[in-house]
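Here is a friendly walk through one protein model, written for someone who likes to know the cut-offs behind each term. Have a look at the sequence and the coordinates before reading on.

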Amino acid sequence: MILLLLVCGLDSYAQDTALKHIEKRYNIYFRVNRTEIEKDFGTNSSTIEELRQDISSTLEMEGALPDSLHIISSASPEGSFENNRRLAQARAANTKKLILSMFPEFKDAIINVVYTEENWHGLMQVLKAHPEFPQREEMMQIIMGDNNLQAKEL
């Protein structure tokens, strides 16, 4: 899953720089163990179109200059830590390429990429939303426990 946050700076009419912080969350989903952005997977098509429209309308505001875009990438906890790191990094890189292909105004210097190898919080949210999940309560107890990451994965 990729989380994108848009921040844009706006110049005021009095030549003073005023920053308007625009923050919106966009989730792009990936198939298990894959790093390619598939526009026809899940809600990706509508999310990418919404992202394109939001950034376009923001950049059309008088005096708007792109300030920063934050890409936060993660992988679900199953699988090895190293594989999850590879997945999170590649997913972030592919998302950055997509953004730059749509908006060259966002030069590399203003795109902040952060990745977390394993998204335990996201897994917890999925479990909370799906009571039919097999062994749901046991998994939630493990996630909330004080065990180290290796113990949680086991």
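Predicted model: local features only at pLDDT ≥ 70, side-chain atom pairs only at ≥ 80, totals over all residues.

Residues are numbered from 1 along each chain as its sequence is written, and side-chain values use heavy atoms, with hydrogens and water left out.

**Overall layout**

The protein holds five helices and five strands, where helices (H or I, at least four residues) and strands (E, at least two) are DSSP runs numbered from the N terminus. Read from the N terminus, the order is β-β-β-α-β-α-β-α-α-α. Of the 154 residues, 35% are buried; here buried means under 20% relative accessible area, exposed means over 50%, and partly exposed is in between (1.4 Å probe, protein chains only). The protein exposes about 9,400 Å², and carbon and sulfur atoms supply 53% of that area. Accessible areas come from the Shrake-Rupley method with a 1.4 Å probe, and for residues only the protein chains shown count as cover. Among contacts (heavy atoms within 4.5 Å) between residues at least 6 apart in sequence, 63% join residues at least 24 apart.

**Two nonpolar cores**

A nonpolar core is a set of buried Ala, Val, Leu, Ile, Met, Phe, Trp, Tyr and Cys residues joined through side-chain atoms within 4.5 Å. The largest one has eleven residues: Tyr26, Leu51, Ile55, Leu59, Leu69, Ile71, Ala92, Ile99, Phe103, Phe106 and Ile111. Three elements, α1 (44–59), β4 (64–74) and α2 (81–102), each supply at least two residues of this core, and α1 gives the largest share, three residues. Another core lies apart from it and has five residues, among them Met124, Leu127, Met140 and Ile143.

Leu69 is part of the largest core and sits in strand β4. Its relative accessible area is 0%, so Leu69 counts as buried.

Leaving aside neighbours within four places in sequence, Ile143 is in contact with Trp120, Leu123, Met124, Leu127 and Lys152. Seen from α3, the buried residues are Trp120, Gly122, Met124 and Leu127, and they pack against α4 and α5.

| Pair | Apart in sequence | Apart in space, C-alpha to C-alpha |
|---|---|---|
| Leu69 and Ile99 | 30 residues | 9.4 Å |
| Ile143 and Leu123 | 20 residues | 8.7 Å |
| Arg91 and Ile72 | 19 residues | 9.6 Å |

**The second largest pocket**

On a 1 Å grid over the protein atoms alone, a pocket is an open set of points where a 1.4 Å probe fits, with protein on both sides within 12 Å along at least five of seven lines, and lining residues have an atom within 4 Å of a point. The second largest pocket has a volume of about 240 Å³, where grid points are joined across faces, edges and corners and the volume is the space filled by probe spheres set on the points. Its lining has 13 residues, of which Trp120, Leu123, Met139, Lys152 and Glu153 lie nearest the centre. The elements giving two or more residues to this lining are α3 (120–129), α4 (136–144) and α5 (149–153).

By class, the lining has nine nonpolar, one polar and three charged residues. In this scheme Ala, Val, Leu, Ile, Met, Phe, Trp, Tyr, Cys and Pro count as nonpolar, Asp, Glu, Lys and Arg as charged, and the others, Gly among them, as polar.

**Two loop residues with positive phi**

Which residue has a phi near 65°? That is Asn33, a residue other than glycine with a positive value. Asn33 is found in the loop between β3 (26–28) and α1, and is partly exposed, with a relative accessible area of 44%. Gln135 also has a positive phi, near 55°. The loop between α3 and α4 holds Gln135, and with a relative accessible area of 61% this residue is exposed.
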